[in-house]
Amino acid sequence: MSDSTSLQTFADDLAAISGPEHLRVDENTFSLAPANTEEIAAVLRYANRNGLTVAPWGSGTKQHWGNQIHPSLILHTHRLTTVREHTWQDMTCIVQTGCIWSSMQHSLAKHGQFVALDPLWPDRATIGGIAATNDSGSLRLKYGSLRDLIIGMTIVLADGTIARSGGKVVKNVAGYDLHKLMTGAFGTLGIITEITFRLHSIPRHVQSFTIPSSNAQTLGQLLMKILDSPLSTQSLQLRSTRTGFNLDVRLATLPGVIHDQASSLSKLAESVQLDATDADSNVWNTRQEHFDQTEHLVVKATMLPSNISPIAEMIRTLGGTSVTQATGIMTASVPAPASSQLEHLRQKLEAAGGSLTALHNPVDAITVASTMPSDTLPIMRELKHRFDPNRILNPGRFVGGI
């Protein structure tokens with residue numbers, strides 16, 4: 001692409017697909033904003049024929065996650081912003097992937113419904129980026145993961161083929177679950193242009209509580225008790241700060257029941273000599289705050305719920321802070337000088353079946369992700385070869401250089 005004639009040819013051809021007003025050329029990189037699925041398909045057919053590497057781009061909130069690459073073409077989705085269908089009677093919707101998450105939720109809320117997921121930066125992040133990185137927060141405890149909430153998807157494959165997976169109804173067994181494969185693939189297998197979500201009713205009454213303690217082990221025991229209780233727990237997380245630990249509990253139930261639920265929670269806390277107090281809803285934004293310390297290393301760790309408190313204590317001894325969902329997914333911020341000790345933590349997690357991934361790695365302090373099991377990486381590489389044999393879609397972005 002260094003030849004000026006080739007650059008001009010590429011620019012002219014790409015402009016012919018989506019219009020010159022939607023094309024920008026910056027040195028050897030093209031930026032293009034197609035208007036719909038068909039234009040994206042045309043772009044990928046052209047890129048595949050000409051060996052142009054392509055990186056999909058929503059709002060850029062998670063572009064630093066994974067291995068960094070230098071694509072020939074950045075494909076922007078900011079023209080794909082429509083909630084195409086909201087079949088509120090069936091509790092489903094179809095949304096284009098350039099739509100901002102909070103904008104979609106605002107539209108669905110008119111019928112008292114929402115997609116039961118709380119991703120990072122909801123006022124900026126796009127639906128496509130959230131799906132590509134499989135981002136989820138504390139609501140996962142009650143409603144499941146993003147893969148549980150997606151029931152259909154429109155995907156453009158590397159050769160320009162438009163594929164559709166799933167359907168428009170919640171109970172659907174048609175075809176392969178390609179949408180589960182695409183969720184969390186970091187755009188390496190195809191470009192997602194539309195998603196069909198299953199919806200839930202917005203809870204009528206929600207109340208948050210915090211239980212503070214200087215002892216993470218005690219809170220870990222209480223966390224397990226709450227998980228085993230009949231409480232209507234919507235979210236549950238353990239936060240570590242520089243001064244101690246907090247267990248946050250969010251109950252979601254009918255207004256007439258919330259008082260009894262709160263009383264039951266207080267009794268559980270008292271059983272380990274702790275007190276539950278009302279909490280501000282902002283405690284559920286703590287995960288996002290870890291990324292505000294740009295000089296720190298931010299990692300995502302996975303573990304069994306029974307391991308949450310000891311891992312939180314280890315992060316604190318490194319001078320870091322963390323927030324861990326009861327599902328066993330932790331986000332932690334650690335000062336860069338302590339990063340070398342994270343490899344020991346990674347080994348401990350892997351030995352217990354968990355993992356550790358660097359989400360913000362300002363000084364390349366550690367390798368991006370945990371080592372994959374020996375029988376997993378070959379399968380993933382074969383999938384990449386089958387879906388993208390010419391390696392034009394985000395090549396090298398995913399684990400193992402996929």
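A residue counts as buried here when its relative accessible area is under 20%, as exposed when that area is over 50%, and as partly exposed in between (1.4 Å probe, protein chains only). Keep that in mind as we walk through the chain, starting with a word on where the values come from. This is a predicted model, in which local features need pLDDT of at least 70 and side-chain atom pairs count only at pLDDT 80 or more, while totals for chains, interfaces and linings use all residues. Residues are numbered from 1 along each chain as its sequence is written, and side-chain values use heavy atoms, with hydrogens and water left out.

Let's take the whole chain to begin with. It holds 13 helices and 19 strands, these being DSSP runs numbered from the N terminus (H or I over at least four residues for helices, E over at least two for strands). The radius of gyration is 22 Å, close to the 21 Å that the globule rule gives for 402 residues, so the chain is as compact as a globular protein of that length. That radius is taken over C-alpha atoms, and the rule is 2.2 Å times the number of residues to the power 0.38. Along its principal axes, the C-alpha trace spans about 75 × 55 × 35 Å.

What about the inside? Of the 402 residues, 52% are buried. Contact means heavy atoms within 4.5 Å, and among contacts between residues at least 6 apart in sequence, 68% join residues at least 24 apart. As for charge, there are 32 positive and 34 negative side chains, and the centres of the two sets lie 4 Å apart. Lys and Arg count as positive, Asp and Glu as negative, with His and the chain ends not counted; each charge is placed at NZ of Lys, CZ of Arg, CG of Asp or CD of Glu.

Now for a couple of helices. In α12 (residues 342–351), the buried residues are Leu342, Leu345, Arg346 and Leu349. They cover an arc of only 105° around the axis, which puts them on the same side of α12; the arc is that of the directions from the helix axis to the C-beta atoms. An α-helix has 3.6 residues a turn, so residues three or four places apart point the same way. Over on the other side of α12, His344, Gln347 and Ala351 are exposed. The cover for the buried residues of α12 includes β16 (297–302), α11 (308–317), β18 (329–334) and β19 (355–360). After α12 comes Gly353, with a positive phi near 85°.

Helix α3 (residues 101–109) has Trp101, Met104, Gln105 and Leu108 buried. Their arc around the axis is only 100°, which puts them on the same side of α3. Among the elements covering them are β5 (83–87), β6 (92–96), β7 (113–114), α4 (127–133) and β10 (191–198).

Thr253 sits in strand β14 (residues 245–253) and is buried, at 16% relative accessible area. Beyond its neighbours within four places in sequence, Thr253 is in contact with Arg204, His205, Ser232, Ile258 and Gln261.

Finally, some backbone angles. Most residues other than glycine have a negative phi. Gln273, not a glycine, has a positive phi of about 60°; you'll find Gln273 in the loop between α9 (258–270) and β15 (277–278), exposed at 69% relative accessibility. Asn394, also not a glycine, has a positive phi of about 45°. Asn394 lies in the segment after α13 (377–387) and is buried, with a relative accessible area of 2%.
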